[in-house]
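I opened this entry to keep track of what I looked up. My plan was to go from the whole chain to single residues.

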Amino acid sequence: MGSLRRFLGVYYAYVFLFDFMLAYAIYTALFALEGLSIAQIGVLLAFWSASAIVLEMPSGALSDHFDRRWLLVAAPLIKALTFVCWAIAGGNFWLYGLGFLFWSAGQALQSGTREALLYERMATENRSAEFDKVLGRDNAAEGIGIGAGALVGGFVAQASMDWAVWLSIPPLLLGALLALGLRDSRPGRIAEAGERASYLSHIADAAGEFRRHADLRFVTVYMAAGLVVFELLEEFDQLYYLAMSVPIWSWGLLAAGVELIYALASLVAHRLAGRPWLAWALPLLGGTLLVVASLGDSPWYVLVLELAYVVVAPVAVLAEARFHHIMDGRSRATTTSALVMAENVVGIAATLLFGLLAQWLGILPAYGWAGLAMIPVAAWVIRGHRRGLRAID
């Protein structure tokens, strides 16, 4: 019990530090202020998703094949190179793109690895039934890290955007040190080489998981084609703030506020288990709030936009937990990476479409169209429920 508590303490600290980035408060606005158009920013964000697609499955297979701890050490070190590139870019589109490539590489190394390590540790302690509760705390630690970084970053950026970028590096270095304490608990993982699965077999195992489990495919489409919309919209929020004439110093406060509430919603998500209708109701509510936010003519509408993100937090946690409960194979990190890859495939198309809409119609109407997209998502989930498929536990 004490060993698990210590592990979780280090784990949550690692998750917090991995996303405690001061640059989160300002980076898309930084690109715009240094001369990039909205369409160029959309291309960069799409490239971010595209590079993640290429790197996600190979990194997941690496995680299933080797000691996960060392991948978690490498991930923040690689991500730190993102901010080195951005700090010296000075408006150079290609350096911003290189920074996103490093971000994708670091994110890919830890995405499937992190959740697989956590689930397997809980299973080793015979507490996998509590995974949705622990995963909620994982999401909360991530959200608080983003919010705290944005809060500090907003004030730092008011004095110097460059410093907000440079100061995003030290938390990642500290996170790499903490990762040394995250021991991989898989039994026999350092057994004789001949007893281990081959590297490519993990990808085959992941494909088998999706063939066997219709619910796994359903949850994957739900998260990739539905919930991911809210995630990608956040990348454009600073442009929304600019359109609403929100002062830069308050951007961090806004981000910190929404992430704190998001964290609280994640913490209580496990209490909402057993209500499958929330899988369509909460995204539909979030979409309605996006439409309202798109009609805004004052900075107060920013609060409506932030609320749209908060209301989907519980179903995001429950869907992710269900994904892990359904899996039964040995290649958990690779299968999780397949989910992330699917999210990024949709993210590319959605980001490019949103960027073009924002360029053509304006940033506010584009948010409204994103909200309307939740209507077919809700209808599809209801149809799936009638066929016996569930998106959340």
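**Ground rules.** I am working with a predicted model, where local features need pLDDT of at least 70, side-chain atom pairs count only at pLDDT 80 or more, and totals for chains, interfaces and linings use all residues. Residues are numbered from 1 along each chain as its sequence is written, and side-chain values use heavy atoms, with hydrogens and water left out.

**Whole chain.** I looked up the secondary structure and found 18 helices and zero strands. Here helices (H or I, at least four residues) and strands (E, at least two) are DSSP runs, numbered from the N terminus. Next I checked the overall dimensions. Along the principal axes, the C-alpha atoms fill a box of roughly 60 × 50 × 35 Å.

I then turned to burial. Of the 393 residues, 58% count as buried. Buried means under 20% relative accessible area, exposed over 50%, and partly exposed in between (1.4 Å probe, protein chains only). The chain exposes about 15,600 Å², with 68% supplied by carbon and sulfur atoms. These areas come from the Shrake-Rupley method with a 1.4 Å probe; for residues, only the protein chains shown count as cover. For contacts with a separation of 6 or more, residues 24 or more positions apart account for 86%. Contact means heavy atoms within 4.5 Å.

**Second largest pocket.** What lines the second largest pocket? I listed V229, L232, L233, A350, L353, F354, L357, A366, W369, A370 and A373. A pocket, on a 1 Å grid over the protein atoms alone, is an open set of points where a 1.4 Å probe fits, with protein on both sides within 12 Å along at least five of seven lines; lining residues have an atom within 4 Å of a point. α10 (214-233), α16 (332-361) and α17 (363-372) each supply at least two lining residues. The largest share, four residues, comes from α16. I noted about 180 Å³ of space in this pocket.

**Helix α14.** In α14 (residues 301-311), I found V302, L305, E306, A308, Y309, V310 and V311 buried. Their cover includes α10, α11, α12, α13 (278-294), α15 (313-326) and α17.

**L4.** L4 lies in α1 (residues 2-18). L4 is buried at 2% relative accessible area. Beyond four places in sequence, L4 touches R121, M122, E125 and R127. L4 and S294 are 290 residues apart in sequence, and 45 Å separates their C-alpha atoms.

**R390.** I found R390 in the segment after α18 (374-386). Buried or partly exposed? R390 is partly exposed, at 35% relative accessible area. Apart from neighbours within four places, R390 is in contact with D215, F218, V219, R322 and H385.

**Positive phi.** N126 has phi near 60°, a positive value in a residue other than glycine. N126 sits in the loop between α5 (93-124) and α6 (131-159) and counts as exposed at 71% relative accessibility. S245 also has a positive phi, near 60°. S245 belongs to the loop between α11 (237-243) and α12 (248-267) and is exposed at 60%.

Notes: Points joined across faces, edges and corners; volume = space filled by probe spheres on them.
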